[in-house]
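Subject: Structure handover

Hi,

Here is the structure we talked about. My notes on pockets, cores and ring pairs follow it.

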Amino acid sequence: MADRQNPPISSRRKPKQARSNDLVAAILEAALQVLEKEGAQRFTTTRVAERAGVSVGSVYQYFPNKASILFRLQSDEWKQTSDMLCGILEDAQRPPLERLRMLVHAFVRSECEEAGMRVALNDAAPLYRDAPEAHEARAAGDRIMQTFMREALPDAGEATRALAADLITTTFSSVGKQFSESPRTDAEIKIYSDAMADMFCAYLQSLGHGQQKKRPRRLAGL
């Protein structure tokens with residue numbers, strides 16, 4: 001029996017005029033509201049159109065199905081995460097372990113502030129997680145972390161750096177999600193972030209990171 005093909009998740013067309021951009025922005029904002037209120041199971045293009053105040057046909061001009069809308073929301077979230085990774089991990093003015101500590105704090109806080117949306121997107125992931133576009137989006141973040149590991153662990157082997165990158169990103173994903181499932185205070189976020197950062201930094205030092213023999217200082221306010 002032939003494999004079942006995944007529905008298309010790419011947008012039908014890119015908006016070129018300001019009016020079209022405004023329409024797509026309204027659709028995506030409505031989609032976020034529907035997703036947070038109804039959850040992935042009750043998410044439909046009809047509900048999105050109703051919330052945006054447009055016809056279903058207007059939605060279909062840009063998104064072929066609900067998977068396409070959800071993937072766009074997920075892609076935007078991935079891009080924000082990638083931008084955060086780049087902004088922090090590529091800051092050559094700071095030592096690698098200091099950058100890693102900053103990333104942990106930024107990531108955990110982001111997970112807690114956007115927990116509702118991210119949980120809903122995770123529930124919707126089966127609709128698009130096996131699509132080529134999804135694999136490429138995730139690979140972009142992996143490449144950023146791998147590049148950082150080459151700087152943080154210059155004397156380690158490629159396999160060791162790859163393992164370290166995978167372990168840290170996997171821990172970010174699973175532990176961050178679990179921690180953010182319950183409301184957290186600023187103090188709790190700081191304590192948890194410090195503990196996770198200590199763990200990661202100690203791990204990299206055990207693998208041969210030599211720029212800082214002592215545990216990296218905790219940044220003021222973190």
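Helix H1 (18-38), H4 and H6 each put at least two residues into the lining of the second largest pocket. Helices here are DSSP runs (H or I, at least four residues), numbered from the N terminus. H4 gives the most to this lining, with 4 residues. The pocket has a volume of about 170 Å³. Its lining consists of Leu28, Leu32, Glu36, Leu73, Asp76, Glu77, Gln80, Glu113, Glu114, Gly116 and Met117. By class that is 4 nonpolar, 2 polar and 5 charged. Ala, Val, Leu, Ile, Met, Phe, Trp, Tyr, Cys and Pro count as nonpolar, Asp, Glu, Lys and Arg as charged, and the others, Gly among them, as polar.

A word on the basis. This is a predicted model: local features need pLDDT of at least 70, side-chain atom pairs count only at pLDDT 80 or more, and totals for chains, interfaces and linings use all residues. Residues are numbered from 1 along each chain as its sequence is written, and side-chain values use heavy atoms, with hydrogens and water left out.

Pockets were found on a 1 Å grid over the protein atoms alone: a pocket is an open set of points where a 1.4 Å probe fits, with protein on both sides within 12 Å along at least five of seven lines, and lining residues have an atom within 4 Å of a point. Points are joined across faces, edges and corners, and a volume is the space filled by probe spheres set on them.

Glu114, from the lining above, sits in the loop between H5 and H6. Glu114 is partly exposed, at 26% relative accessible area (buried is under 20%, exposed over 50%, partly exposed in between, with a 1.4 Å probe and protein chains only). Glu114 and Glu77 are 37 residues apart in sequence, yet their C-alpha atoms are 9.9 Å apart.

Now the largest pocket. It holds about 870 Å³ of space. Of its 29 lining residues, Glu77, Trp78, Phe107, Arg138 and Ser173 are the closest to its centre. Helix H4 (66-89), helix H5 (96-113), helix H6 (115-124), helix H7 (132-152) and helix H8 (158-180) each supply at least two lining residues. H8 has the largest share, 7 residues. The lining has 12 nonpolar, 9 polar and 8 charged residues.

Next, the cores. A nonpolar core is a set of buried Ala, Val, Leu, Ile, Met, Phe, Trp, Tyr and Cys residues joined through side-chain atoms within 4.5 Å. The largest has 29 residues, of which Leu103, Met145, Met149, Ile168, Phe172 and Leu204 touch the most other members. H4, H5, H7, H8 and helix H9 (186-206) each supply at least two residues of this core. H5 gives the most, with 7 residues. A second, separate core of 26 residues includes Ala30, Ala31, Phe63 and Leu73.

Last, the rings. There are 4 aromatic pairs (Phe, Tyr or six-membered Trp rings with centres within 6.5 Å; planes under 30 degrees apart are stacked, over 60 edge-to-face, the rest tilted). Phe71 and Trp78 form an edge-to-face pair, with centres 6.1 Å apart and planes at 75 degrees. Phe71 is buried at 8%, and Trp78 at 18%. Phe172 and Phe200 are also edge-to-face, at 5.5 Å and 80 degrees. This pair links distant parts of the chain, H8 and H9, 28 residues apart. Ring pairs join Phe107, Phe172 and Phe200 into a cluster.

Best wishes
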